[in-house]
Amino acid sequence: MTEEQFLQLKSAGLNRIHSGFETGCDEVLQLIGKGTTQKQQIEGGQKVKKSGIELSIYFMPGAGGKQYTEKNAIDTANVINAVNPDFVRLRTFVVKSDSLMYDIVKSGEFTECSDIEKLLEIKIMLEHIQNCNGYLASDHIINLLQNVNGYLDKDKNAMLDYINTFLALPRKTQRKYQIARRMGFAGDWTMLDKLSMHYQYIIEQYEKNVSDGEQFEKLLNQYMDNYI
């Protein structure tokens, strides 16, 4: 679309566009068959912003798997820096069972990131965002830390501190929170004691008995499968 067409949409009353960029990494865009490039995202995003229409883009940490995990975060930050969208919304990538991506995983062509590795992508992306004033929103149950929210110019350090606080927790505490969150818990790790004794017992048993890392990730994904 041309800049003039976006201006016509603005004049007609359209005040926000939501766009699933998913990633700013060309390799990952090709991997997931998105049908666009980083260059096109930047050009299109800049046209929307110039028209005066708000732009809300979506980022999927983990979409590139272990192979592209750091590049996925950094290249996405580069797109955000070039466009300065009004909103960046997090939608953590999870391989849905019986999907085309699930078949690629089974073939060995794609290795899914762990729950923590996907959180690290968000951290890396945040660290590389500069001179942007949009709002980062972790507004979906699929995200591990729902309280990673704030303006990129004013709250970036606070968001990074919040992530780092979680990453510094004992692994047992992290695992218990991960299980609770993937079961639908809406609080953060400081509120685990607010759960009923029944759910606290279930979480304790899972944390104690599922010690293998691969099996633990499968357990988490079983719950997340319901959210997609």
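I began with strand E2 (residues 54–59): five of its six residues are buried, so E2 is largely enclosed by the rest of the structure. Buried means under 20% relative accessible area, exposed over 50%, and partly exposed in between, with a 1.4 Å probe and protein chains only. Helices (H or I, at least four residues) and strands (E, at least two) are DSSP runs, numbered from the N terminus.

I note that this is a predicted model, in which local features need pLDDT of at least 70 and side-chain atom pairs count only at pLDDT 80 or more, while totals for chains, interfaces and linings use all residues. Residues are numbered from 1 along each chain as its sequence is written, and side-chain values use heavy atoms, with hydrogens and water left out.

**Sheet**

I looked up the partners of E2. Strands pair here if DSSP finds at least two bridges between them. Strand E1 (residues 16–22) pairs with E2 in the parallel sense over five bridges, and Ile17 stands opposite Leu55 in E2. E2 also pairs with strand E3 (residues 87–90), parallel, over four bridges; there Phe59 stands opposite Leu90 in E3. I then followed the chain from E2 through helix H4 (residues 69–83) to E3 and found a right-handed β-α-β unit. Right-handed means that, with the strands pointing away from the viewer, the path from the first strand over the helix to the second runs clockwise.

E3 pairs in turn with strand E4 (residues 135–137), in the parallel sense over three bridges, and Phe87 stands opposite Tyr135 in E4. Taken together, five strands form an open sheet in the order E1-E2-E3-E4-E5, with mixed pairing. E1 and strand E5 (150–151) stand at the edges with a single partner strand each, so one side of each has no neighbour in the sheet.

**Core**

I checked the nonpolar cores, that is, sets of buried Ala, Val, Leu, Ile, Met, Phe, Trp, Tyr and Cys residues joined through side-chain atoms within 4.5 Å. The largest has 48 residues, and those with the most contacts inside it are Met125, Leu126, Leu136, Leu145 and Leu152. A second, separate core of nine residues includes Cys25, Val28, Ala63 and Met101.

I listed the contacts of Met125 (heavy atoms within 4.5 Å). Leaving aside neighbours within four places in sequence, Met125 is in contact with residues including Phe59, Ala73, Ile80, Leu90 and Leu136.

Is Lys118 buried or exposed? Lys118, found in helix H6 (residues 115–128), has 2% relative accessibility and so counts as buried. Not counting residues up to four places away in sequence, Lys118 touches Pro61, Gly62, Thr92, Phe93, Val94, Glu112 and Cys113.

Asn133 lies in the loop between H6 and E4 and is partly exposed, with a relative accessible area of 46%. Asn133 and Leu152 are 19 residues apart in sequence but 5.1 Å apart in space, C-alpha to C-alpha. Beyond four places in sequence, I found Asn133 in contact with Asn84, Tyr151 and Asp153.

**Whole chain**

The secondary structure of the protein chain comes to ten helices and five strands. Buried residues make up 46% of its 228 residues. Of the contacts between residues at least 6 apart in sequence, 70% join residues at least 24 apart. I read the span of the C-alpha trace along its principal axes as about 60 × 40 × 30 Å.
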